[in-house]
Amino acid sequence: MTLRITDLKTEYMRNPLGLDERKPRLFWRLESEKRGAAQSAYRVLVASAPEALDREEGDCWDSGKVTGGRSTHIVYEGKPLKSEGRYYWKVRVWDRDGNESDWSETAFWTVGLLSREERRGAWIGRKTEPNVMMQPSPYVRKEFRLRAKPKRATVYATALGLYELHVNGSRIGDWFAPGFTDYDKRVQTQTYDVTGLLAEGANAVGAILGDGWYSGTVGFLGDHVYGERPFFLMQLHLEYEDGSREQVLTDGGWRTAKGPIVYSDLIKGETYDARLELDGWDRPGFDDSGWERPDVRAGYNGLLTAAIEPPIRITQTIEPISVRRTERGTYIYDMGQNMVGWTEVKARGARGAKVTLSHAEMLNPDGSLYLDNLRLAVQQDHYILRGEGEERYEPHFTFHGFRYVELIGYPGEADLTTIVGKVVHSDTPRTGSLTTSDEQVNRLYSNITWGQRGNFLSVPTDCPQRDERLGWTGDAQIFARTASYNMDVSRFFAKFVQDMIDCQQPTGAFTDVAPDAGWIRHKMWNTRLNWFAPDNAGWGDAGVVIPWTLYLMYGDTRILEKNYDAMARWVEYLRVNSTGLVRPDYANYGDWLSIDADTPNEVLATAYFAYSTKLMGRIAGVLGRTADEARYGELFEAIAAAFRGAFVDGEGRIRGETQTVYVLALQFGLLTDELKERAIDRLTADIRAKGNRLSTGFLGVGYLLPALTDSGRLDVAYELLTQEEFPSWLYSIKHGATTIWERWDGWTEHNGFQTPSMNSFNHYSLGSVGEWMFRYMGGIEADPARPGFRHAIVRPRPGGRLTSARARYDSLQGEIAVEWELRPEGRLWLAVQVPAGATADVYVPGESIRVDGAAAAEGASGDGWTLHGRRDNAYVLSVGSGRYVFESELA
Ligand code: RAM
């Protein structure tokens, strides 16, 4: 048996519940000890019961033996799926010699409620308290009797707002459900299997409701953006052994009351009065006679869709590394890491005593919390003690960005065990890792991943601390590739693309934040803001760049198909709103937060117009739309020519003469060969003139090191990477940064803190250099012709002061690992690992190559590998799966 099958997934998830996808896609991985192991055929069986699979009967679908190596995105083509159906599946494969594998383990998925008529629960809420600005969080509950223990019990739940579900005394599910969407258009629903929690006789179900993005504060857009107060909708579907069914639905018969959560707001923090706790409210037998009847909402016009985004979870707890008692009698903790989430505190004290937890990213020079950059956000949680022994508290519907915590009003002596930090974000499993011989570069990589963990919370937010935390599209697109090396963001970004489409303007313009959350309206009202453009270059383009990135990294063609028309409308919008294919010079964000290097808007916008068009051509090609492919290809060439005509002079100078204009022109392919030479000379001259320093903002920074490396200036790329003087990545690290800062000059020796009106210390955009670290330094590159790493291009670029690097990427096929080390006398040692079922082209730089310890000549081949020849001072080999060791001599 040469191949083993592992990691069965449906729609990128392990055994997902409540899908509403009518043709879900199936995934598996292969394992083998043999080099070059690959699948030559597969057979999938899908059945309505596991027993049928045991008999090798696919009563829902039997794919038959299908020839081919594909093991991802296998589209279910069986019987139409039914609401609430359960589908079990397994797969068997054949290797290249025709050997049959064992059947895989059985996996399953369940289907949610597919039709609107099945949504029978009512939206219930609680009327607001008069004359109260910040409203208490409503509790809702229902008690019911079951005639027997059910065979299966499934909850379908959602809220306009946030909900925390409880069943018979247990808290169910994750945090911040149902997530942030444009609630005017859609809300996601979650599905939970609660079979194990229900019993014969009395049972209770309930929820605590939060305002969240629906009715709480959203960024700087104020509160009540979508609605006045939260509403909850739930259906509990029960199935008994005898086949009979029953439902418990939210309706006017439920009960509601306020409880201990005095208020809880994403941006404004929480106050919790433990004296008001409703002991036993989520268990049967609780006396709710004093509770009110809920307020039932008339209806909801938006769509209810099964959750696309991964759940938000606590993924780590962090203990503080130090604590200091201040003169005021408060305690200031250092968590040792700028993190996002909240703190849990334990206390013992008198009834009514109030403990406050205040959170900040930095300290002022006098050691106090630096709160200035929070703007209107209040990162404080207040806990009022009940006065009965040890009490523990953590907040419900709020989160903070912080490294430091001030504990105020603490009864008794606090120490390092008094608080613990909880790291909270969308649970996108880790897929990448990078370590090098250089501690600072390692720290930089760590800061990049912390920036992602801190900001991927339902949507990719710009920052987690101030009153903003919005899904800025420009930030997301420049970081998308880095993000997808670091973590499995397949569904996270698929959801964000949906958010972008939901707020695409009738003109075709993609907005600069998504969900839009009334931002467009806000821009129109607010004279201070109405100079913003509707279609910012590098922001709106996220609508094309992100789907393309998902295709490249995961091989997802459905995301391209599904959104093709929307993407085409964006490119058409750009075309119509340009003159002679040159985009206008009106206000936009430009190369946001560059350092004394303003890139002219029209240059930037025309370059991005070309880039989106180029990607559209490729996307059309992938989808077999050949006429469109040709049309976009021609349009791209014409835009590139217009760009050169309008902005590039005879000496190859590009208008603006910033580093960014050169790197964009190079990376987007806007220049002729001759102009390319000049551009790279001008770019390096500018970097040299600045003392080997960069000046790029959000957009330029992502392409800077790739452009240098692709143009033969790997040396300059490494110099920038390891530059420690301002502005540089390592400058912040030299000054203790544990996350990527919003601005190169967020804090400098010469000026101290930047303006508090915009100074986040946890913004991932400038961390887009992570992409270069994986693709070039580590050398793990995707191949657009065989996307999703069915075929990888492995081309590590040792250089700079680094003497070794190790990069790993857990692709859909399995783990790809590259490890290189410089050994004495200029020798390079390189180990490459390719997962079963995948292949790679490996570029080994240097002279006189050895493969697996033996000298090899061009044209040679061995177990799993063939050495083809030389290109760009490197040996080029093709390899199958397995681990290979190469050695060479670097010049
Ligand atoms: C800032 C945001 C974001 C950026 C926009 C243009 O307010 O933090 O990062 O995309 O401006």
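1. A pocket, as the term is used in this note, is an open set of grid points with protein on both sides within 12 Å along at least five of seven lines, and its lining residues have an atom within 4 Å of a point. The model under discussion is predicted.

2. By that criterion, 44 residues line the second largest pocket, and those nearest its centre are Met13, Pro310, Pro311, Arg313 and Asp427. Its lining takes two or more residues from each of strand 1 (4–10), strand 14 (186–193), strand 23 (312–318), helix 5 (490–502) and strand 40 (804–811). Strand 14 contributes the most, 5 residues. The volume of the second largest pocket is about 980 Å³, and its lining comprises 20 nonpolar, 11 polar and 13 charged residues.

3. The largest pocket has a volume of about 1,700 Å³. Of its 49 lining residues, Pro706, Thr709, Asp710, Tyr776 and Arg797 lie nearest the centre. Helix 13 (residues 698–710) supplies the largest share of this lining, 5 residues. Domain 4 (432–777) and domain 5 (780–889) each provide at least three residues. By class, the lining of the largest pocket divides into 23 nonpolar, 10 polar and 16 charged residues.

Key:
Residues numbered from 1 in each chain as written. Predicted model: local features only at pLDDT ≥ 70, side-chain atom pairs only at ≥ 80, totals over all residues. Heavy atoms only, no water. 1 Å grid on protein atoms, 1.4 Å probe; cavity = no way out; pocket = protein on both sides within 12 Å on 5 of 7 lines; lining within 4 Å. Points joined across faces, edges and corners; volume = space filled by probe spheres on them. Helix = DSSP H or I, 4+ residues; strand = E, 2+ residues; numbered from the N terminus. Nonpolar A, V, L, I, M, F, W, Y, C, P; charged D, E, K, R; others polar. Domains from an automatic or database assignment.
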